[in-house]
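I opened this notebook to record what I looked up in one structure. The entries follow the order in which I consulted it.

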Amino acid sequence: KTTLIRMLLRRLGRDITLGLISNTHSVLTDITAWALAAFGRGSNAQSDAEIYQELMHFLIEEYGAGRRCVLIVDEAQNLTVEALEELRLLSNINSDKDLLLQIILVGQPELLAKLKSPELAQFAQRISNSYHLTPLTYVETRRYVRHRLEFAGATRPICSDGAIGPIQYFSGGVPRVVGFREAGGSATQ
């Protein structure tokens with residue numbers, strides 16, 4: 001999913017103003033302030049209402065300039081029900097006929113379960129498109145491993161086709177589990 005976000009960021013045109021919230025956690029509160037900051041807008045507001053007004057003003061300015069605002073929330077499964085409800089309320093900001101803010105939620109499978117909860121029924125009704133990445137097949141895992149090795153600088157095959165089966169089986173086809181270790185010990189994807 002991180003790779004898909006990066007690819008999307010590279011392909012966005014100049015008519016899109018992007019905000020990215022990438023470090024979500026359960027104590028993340030005041031989504032409106034986070035959204036404003038994600039769009040690179042500082043705030044001296046003293047109240048939630050003033051922060052909301054600043055965000056609305058920014059969205060209206062962008063709309064007037066012919067730009068659409070898109071807010072991407074990565075690791076959205078970590079957000080509380082209250083924070084997701086605040087996002088839903090932000091999605092209500094519109095002109096007479098157009099929505100001023102599009103929201104893209106990116107997360108682990110737990111996000112789907114959370115969105116099915118009764119408290120988020122109104123939020124779930126607003127979702128116009130959804131996509132779930134399925135685990136990699138054996139062939140996809142083989143291609144992924146080869147790509148990652150080439151990206152790391154391998155000039156010859158290092159991993160035999162016979163080794164791909166166990167890699168795919170034990171990783172469940174999940175790319176971040178397939179992962180590789182760099183010399184420093186951190187996983188790469």
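The entries below run from overall layout to individual residues.

**Entry 1. Model and confidence.** I note at the outset that this is a predicted model. I looked up the confidence and found that the protein averages a pLDDT of 84, with 92% of the residues scoring at least 70. Strand 2 has the highest confidence, at a mean of 92, and strand 5 (residues 187-188) the lowest, at 42. The pLDDT is below 50 over residues 181-189, a stretch that has 11 contacts in the model beyond near neighbours in sequence. Where pLDDT is low, the predicted coordinates should not be read in detail. I have therefore not read the coordinates of such a stretch in detail.

**Entry 2. Overall layout.** I recorded nine helices and five strands. Along the sequence, their order is α-β-α-α-β-α-β-α-α-α-α-α-β-β. The C-alpha atoms fill a box of roughly 60 × 40 × 35 Å along the principal axes. Of the 189 residues in the protein, 31% are buried. I also looked up the contacts with a separation of 6 or more: 63% of them join residues 24 or more positions apart.

**Entry 3. Nonpolar cores.** Which residues have the most contacts inside the largest nonpolar core? I found Leu55, Leu59, Leu71, Leu79, Leu87 and Leu90, in a core of 27 residues. At least two residues of this core come from each of helix 2, helix 3, strand 2 (68-73), helix 4 (81-90) and helix 5 (110-115). A second, separate core has six residues, among them Val145, Leu149, Ile164 and Val178. In soluble globular proteins, nonpolar side chains tend to be buried together. I then took Leu59 individually: apart from neighbours within four places in sequence, Leu59 is in contact with Cys69, Ile93, Leu100 and Leu101.

**Entry 4. Helix 4 and its surroundings.** I listed the buried residues of helix 4 as Ala83, Leu84, Glu86, Leu87, Arg88 and Leu90. These buried residues pack against helix 2, helix 3, strand 2, strand 3 (101-105), helix 5 and helix 6 (121-126). The axes of helix 2 and helix 4 are 9 Å apart and at an angle of about 60°. The two helices, helix 2 and helix 4, are therefore oblique to each other. On the helix 2 side I noted Ile31, Thr32 and Ala35, which meet Ala83, Glu86, Leu87 and Leu90 of helix 4.

**Entry 5. Ile51.** Is Ile51 buried or exposed? I found a relative accessible area of 11%, so Ile51 is buried. Ile51 belongs to helix 3. Setting aside neighbours within four places in sequence, I recorded contacts of Ile51 with Asp30, Thr32, Ala33, Leu36, Ser43 and Ala45. For one of these, Leu36, the C-alpha atom is 7.9 Å from that of Ile51, at 15 residues apart in sequence.

**Entry 6. Aromatic pairs.** I counted two aromatic pairs. In the pair of Phe39 and Phe58, the ring centres are 5.2 Å apart and the planes stand at 40°, so this pair is tilted. Phe39 lies in the loop between helix 2 (31-38) and helix 3 (48-64), while Phe58 lies in helix 3, so the pair ties together parts that are 19 residues apart in sequence. Both Phe39 and Phe58 are buried. The pair of Tyr169 and Phe170 is edge-to-face, with 5.0 Å from centre to centre and 85° between the planes. Tyr169 is exposed at 63% relative accessible area, and Phe170 is exposed at 69%.

**Entry 7. Two loop residues.** I looked up Asn44 in the loop between helix 2 and helix 3. Its relative accessible area is 72%, so Asn44 is exposed. The C-alpha atoms of Asn44 and Glu54 are 9.7 Å apart, and the two residues are separated by 10 residues along the chain. I then turned to Glu119, in the loop between helix 5 and helix 6. Glu119 counts as exposed at 52% relative accessibility, because the cut-off is over 50%. From C-alpha to C-alpha, Glu119 and Arg6 are 31 Å apart, and they are 113 residues apart in sequence.

Conventions. Residues numbered from 1 in each chain as written. Predicted model: local features only at pLDDT ≥ 70, side-chain atom pairs only at ≥ 80, totals over all residues. Heavy atoms only, no water. Phe/Tyr/Trp six-rings, centres within 6.5 Å; stacked < 30°, edge-to-face > 60°. Helix = DSSP H or I, 4+ residues; strand = E, 2+ residues; numbered from the N terminus. Buried < 20%, exposed > 50% of the residue type's maximum accessible area, 1.4 Å probe, protein only. Core = buried A, V, L, I, M, F, W, Y, C linked by side-chain atoms within 4.5 Å. Contact = heavy atoms within 4.5 Å. pLDDT = per-residue confidence, 0-100. Axes fitted to C-alpha atoms, helices over the stretch in contact; angles between N-to-C directions. Parallel < 35°, antiparallel > 145°, perpendicular 65-115°, else oblique.
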